[in-house]
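Biologist: Please take me through the labels attached to this model. For each one, I would like to know what it rests on.

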Amino acid sequence: MKELHKNLRIMFWLMALLFIALGGYFVYVAAFEASDFIANPRNPRVAMVNDDMRRGTIYDTNGTPIAESIFDEDSGLYTRQYHFGAAFAHTVGYSGMSKAGLELSRNFTLYHLNRELVQRATYVIMGQELRANSIITTFDADLQQMIFNSLGDSRGAVVVLNPTTGAVLAMVSTPSFDPNNVTEQWGNLIADTSNSPLLNRAAQGLYPPGSTFKVVTAVAALETSSHWLDFVFECTGHAHFDGETIQCWGGQAHGLVDMHRAMAVSCNGFFAKITEEIGARPIIDAAEQMLFNSGIEFELVVSMPQFPMGEHPAIDELIQTAIGQGRTTATPLNMALIAAAIANGGIVMTPYIVDGTLSGFGNVSGATSPQSMMQIMDAQMAARLNEMLIEVVNTGTGTPAALSHIQVAGKTGTAQNETGIDHSWFIGYAPAENPTVALAIIIENTGGGTRATQLAGQIFNFAID
């Protein structure tokens, strides 16, 4: 009998400990992980629409409503309206049959009632509407609309951010869709595989970076030795490397070029030659420290930039990689962060798109504090690249981005496309002496870099003025 009592006591305390552990887990989830569950796309409650309360508004940085719930007198319910339509579809997202973008990632905030007991009491007693918390984004709606209009029917993406804080000022992807009627057009959106309108090309699109990658190759060379600044190469328009032939754009002969001039005119031969000399390892190191093969912490879903080259590649893979072709792929967000790092003395700031929460009572809280993600190059290296990128815009391939009253710095790129016409890239920042705006642009199937470069000048002019 004593043995039985002993076993019962053991079983009792074991069950008690398990009960306490389970209760503790429930408390932990409710206190610390509730918002994650509410924003999880696998949660069936995400698709539920609470039409009898005002879901929080999503504002731009100037207080302009981007998405808000409007009361319908006839039905007595709220409907979600997106005032800029397709321009913000990939960032703000949509809320209906399901959710995406900020509507999903900030679902908890946009449904949460600040001072809930007070609000529900006034709702019952006085009929005052329930107002959930709103969010203030970093987006400039006018800039976003201007970029969206400029891209028009093109397939492409633009990321604009503040290089010193990481605040994303605009993020545009085209083709897009109207979030106001996403439920009705869902079948067509899913079926349109040629345009992929649901894909956020700005954060998820993976493209060969083309000649914008030459900033990585330049860093790789200069980190092995600064004497590559003085290295001179005679460009005849074509260069041969162990049986592999590479040519500059259109077969153009650039003559004698050093690194500054080679960057300005985007000389493939120069960068292929120095890569042949330094080998694969410095390129791998430079690419990985500049965010390739690395995930980026961000509010929205992002793709990882790919740099799959090994330490002992064939010569053709090595030199194709050096000029941004081969198997290397990057997202516009990734390339915008590289441009921003050069503008910010080599430091990448963590990108963010939410700047704070606005309660139903008008109180602002949770303001985002800019955070340094990592230093991808030292300040001296950033200063050297800055000089080169200024020359690109002033005297080289980037002149279509030049402005008379603002010094622009940047790098053009033409990315070869195996399935069609080449893509157009531009990365850069302005004003070069004290940058406040950095960006990356890709426009698909343009056949050259001019279109993206021209758009860059227009964006800088709009954003800075």
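Modeller: Helices here are DSSP runs of H or I with at least four residues, strands are runs of E with at least two, and both are numbered from the N terminus. The model is a predicted one.

Biologist: Where is the place of S266 on that numbering?

Modeller: S266 sits in the loop between α9 (259-265) and α10.

Biologist: What is the phi of S266?

Modeller: S266 has a phi near 60°, which is positive, and the residue is not glycine. Most residues other than glycine have a negative phi, and most peptide bonds are trans.

Biologist: Which peptide bond joins T174 to P175, cis or trans?

Modeller: The bond from T174 to P175 is cis, with omega near 0°. P175 belongs to the loop between β8 (168-174) and α6 (182-191). A430 and P431 are also joined by a cis peptide bond, with omega about -15°. P431 lies in the loop between β18 (423-430) and β19 (437-443).

Biologist: Why is α8 called oblique to α10?

Modeller: Two packed helices are described by the angle between their axes and the distance between the axes. For α8 (residues 214-224) and α10 (residues 268-278), the angle is about 40° and the axes are 10 Å apart. Roughly parallel needs an angle under 35 degrees, and roughly perpendicular covers 65 to 115. The angle therefore makes α8 oblique to α10. The crossing of this pair is left-handed.

Biologist: Which residues of α8 and α10 meet?

Modeller: K214, T217, A218, A220, A221 and T224 of α8 meet N268, F271, I274, T275 and I278 of α10. By class, the contact of α8 with α10 has six nonpolar, four polar and one charged.

Biologist: What makes α8 oblique to α11?

Modeller: The axes of α8 and α11 (residues 280-289) come within 8 Å and cross at roughly 120°. Roughly perpendicular covers 65 to 115 degrees, and roughly antiparallel needs over 145. So α8 is oblique to α11. The crossing of α8 and α11 is right-handed. In this contact V216, T217, V219, A220, E223 and T224 of α8 meet P282, I283, A286, A287 and Q289 of α11. Seven nonpolar, three polar and one charged residues make up the contact of α8 with α11.

Biologist: How do you know that α5 is roughly antiparallel to α15?

Modeller: The axes of α5 (residues 141-151) and α15 come within 11 Å and cross at roughly 160°. The cut-off for roughly antiparallel is over 145 degrees, so α5 counts as roughly antiparallel to α15. α5 passes α15 in a right-handed crossing. From α5, the contact takes D142, L143, M146, I147, S150 and L151, and from α15 it takes R451, L455, Q458, I459, F462 and A463. The residues of this contact of α5 with α15 are eight nonpolar, two polar and two charged.

Biologist: How much space lies in the largest pocket?

Modeller: The largest pocket holds about 610 Å³. The pocket is lined by 28 residues, and the closest to its centre are S211, C248, W249, N268 and T414.

Biologist: What makes a lining residue, and which element gives the most to the lining?

Modeller: A lining residue has an atom within 4 Å of a point of the pocket. β11 gives the most, with four residues. β11 (244-247), β17 (409-415) and α15 (450-464) each supply at least two residues of the lining. Six residues of the lining are nonpolar, 19 polar and three charged.

Definitions and conventions. Residues numbered from 1 in each chain as written. Predicted model: local features only at pLDDT ≥ 70, side-chain atom pairs only at ≥ 80, totals over all residues. Heavy atoms only, no water. 1 Å grid on protein atoms, 1.4 Å probe; cavity = no way out; pocket = protein on both sides within 12 Å on 5 of 7 lines; lining within 4 Å. Points joined across faces, edges and corners; volume = space filled by probe spheres on them. Nonpolar A, V, L, I, M, F, W, Y, C, P; charged D, E, K, R; others polar. Axes fitted to C-alpha atoms, helices over the stretch in contact; angles between N-to-C directions. Left-handed = near helix turned anticlockwise from the far one by under 90°. Contact = heavy atoms within 4.5 Å.
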